[in-house]
Amino acid sequence: MAAEFDTAQKSRTTIADFDPQKKPTRNKYAFACAILASMTSILLGYDIGVMSGAIIYIKRDLKITDVQVEILVGIINLYSLIGSCLAGRTSDWIGRRYTIVLAGSIFFIGALLMGFSMNYAFLMFGRFIAGIGIGYALMIAPVYTAEVSPASSRGFLTSFPEVFINAGILFGYISNYAFSKLSLRLGWRLMLGIGAIPSVLLALGVLAMPESPRWLVMRGRLGEARRVLERTSDSVEEAQLRLADIKEAAGIPESCNDDVVHVNRQNKAGGGVWKEMFIYPTPAVRHIVIAALGIHFFQQASGIDAVVLYSPTIFRKAGIKSDTEELLATVAVGFTKTVSILVATFLLDRVGRRPLLLSSVAGMVLSLVTLGACLTVIDHSDTRVMWAIGLSIAMVISYVATFSIGAGPITWVYSSEIFPLRLRAQGASMGVVVNRVTSGVISMTFLSLSNGITIGGAFLLFGGIAFAGWIFFYTLLPETQGKTLEEMEGSFGKFSARSTVAKGPNGGKDGNGHIQLQNNNLN
């Protein structure tokens, strides 16, 4: 009887071993750090949103031309290049956390200058200062968040910068509507100047954040890095594995467990990075650079900033005439973007980057082509074509929704996680440079492009670019879901990105019941 009982017990134990493990609860400390760091992205979002409406009143007050409007709206993207180019080296020098403080401080000064500007030249100077702060913020937020996040929720947490960009856009749209009833001279200045408030809150919130564990390791401060990793990981074992991986990437022996160690100067200061990325890259690094710069280019070249910045103009072309109705329709666009990005944050670590990105871009292509066709019909009709007007408004909302559910957040998540540690800061800053240059070109030429090939033709062109982007993503971007940052480099090097389920002893799952993905390179 005893033997039978022992056999039954073993049988029950063995069967229980096949039960799926409970999913670990989300790390609240890492969640809070990601929230605080990502608040820097509100700065860019608010500026984009508020300028779309403020420019209506700036044009009337300062009596500027359409070309001056394009330059004023889009030039901040080029100004932000200064901040983006400096941010990589700055964050390696003073740390990720204090770079966030610097970004908020610079934008604070720029917002005040814009709010008190009395003429076009002074307003352009204010946008120059604010643009530098935005460049810093765009680069540092996703890098810091990726470096503190555990692999199980990195996609969720690293998408927060895009969430806050969209929240900032919505706040900007609401600010436009709220201050639109004030006098012409006061209204737009308040719209721009009130943007200084988030930067003050940001600087205070950063005091509660830890430094990035990867930056601490690069500086040889292993003891501090270990404590941060223990607080931001899902388990002590994961913290130890993450520390071992970071030490290996930084060139520190695994056996070294001192609290403070000497680190090679090149690892510490980022020397030789540009040569490794652009002059003597390995096949894997070349693939990573092409993927990162390409995803940033196609995100902006598909015309998202043209829609967000000039949505009142688009709605006017579609048949809406009053300022109030245009601004209300714009608020609906901002609300849709924000809701969609919130949905995306919960899908990134469940669905994966690649399928979500491909689905998103396919929806963008359909929306842009339909919008271009409807605007062309309206442009060539002598009477109001109500079905085309309604469908145009619906396609604008559809476009921003499909963008925000995939291409918007995944661009920042993907480009911040695929670079090796030694290249991450400068690699991410180069991605921001491409992003902002492309956005600046689109923003500063949209009105002229619309006048040259019609507004419908402009959106048909954007649709064609988005389709080219879909082919690029399908061909060159492998899946990165569930991999640690130090494992990423192994996913790149051969230009094929089709992912398949790895066949192993557990039927394509690891010991924790998670599906394993591998690259099936077709030569």
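Predicted model: local features only at pLDDT ≥ 70, side-chain atom pairs only at ≥ 80, totals over all residues.
**Pockets, cavities and cores**

Helix 3 has the largest share, with five residues. By class, the lining of this pocket has eight nonpolar, four polar and six charged residues.

Now step back to the whole chain. There are 523 residues, and 57% of them count as buried. The fold has 23 helices and two strands. Take the contacts between residues at least 6 apart in sequence: 80% of those join residues at least 24 apart. The exposed surface comes to about 21400 Å², with carbon and sulfur atoms supplying 65% of it.

A word on the approach: rolling a probe the size of a water molecule over the atoms shows where empty space is left. How many cavities of 30 Å³ or more does the structure hold? It holds five.

The largest cavity has a volume of about 120 Å³. Its lining has 16 residues, with Ile48, Glu162, Ile165, Gln300 and Asp305 the closest to the centre. Which one gives the largest share? Helix 8 does, with four residues. The lining of the largest cavity divides into eight nonpolar, four polar and four charged residues.

On to the second largest cavity. Its volume is about 70 Å³. Thirteen residues line this cavity, and Phe298, Gln299, Val361, Met364 and Phe473 lie nearest its centre. Helix 16, helix 20 (353-379), helix 21 and helix 23 (455-476) each supply at least two lining residues. Helix 23 provides the largest share, four residues. Check the classes here: the lining of the second largest cavity has nine nonpolar residues, four polar and no charged ones.

Now the packing. The largest nonpolar core has 137 residues. Inside this core, Ile58, Phe446 and Phe459 have the most contacts. Helix 6 (residues 120-148) gives the most to the core, with 15 residues.

Let's look at Ile58. Leave out residues up to four places away in sequence, and Ile58 touches Met51, Lys63, Ile64, Leu72, Leu123, Trp188 and Leu192. There is also a second, separate core of 16 residues. Among its members are Ala225, Ala250, Ile252 and Val261.

Where does Ser212 sit? Its place is in the loop between helix 10 (196-205) and helix 11 (213-218). Is Ser212 buried or exposed? Ser212 counts as buried because its relative accessible area is 0%, and the cut-off for buried is under 20%. Its neighbours, again not counting residues up to four places away in sequence, are Arg96, Tyr144, Glu147 and Val148.

To recap, with the model on screen. For the largest core, go to Ile58. For the buried loop residue, go to Ser212. Thanks, that's all from me.

Conventions:
Residues numbered from 1 in each chain as written. Heavy atoms only, no water. 1 Å grid on protein atoms, 1.4 Å probe; cavity = no way out; pocket = protein on both sides within 12 Å on 5 of 7 lines; lining within 4 Å. Points joined across faces, edges and corners; volume = space filled by probe spheres on them. Nonpolar A, V, L, I, M, F, W, Y, C, P; charged D, E, K, R; others polar. Core = buried A, V, L, I, M, F, W, Y, C linked by side-chain atoms within 4.5 Å. Buried < 20%, exposed > 50% of the residue type's maximum accessible area, 1.4 Å probe, protein only. Contact = heavy atoms within 4.5 Å. Areas by Shrake-Rupley, 256 points an atom, 1.4 Å probe, with all protein chains shown as cover.
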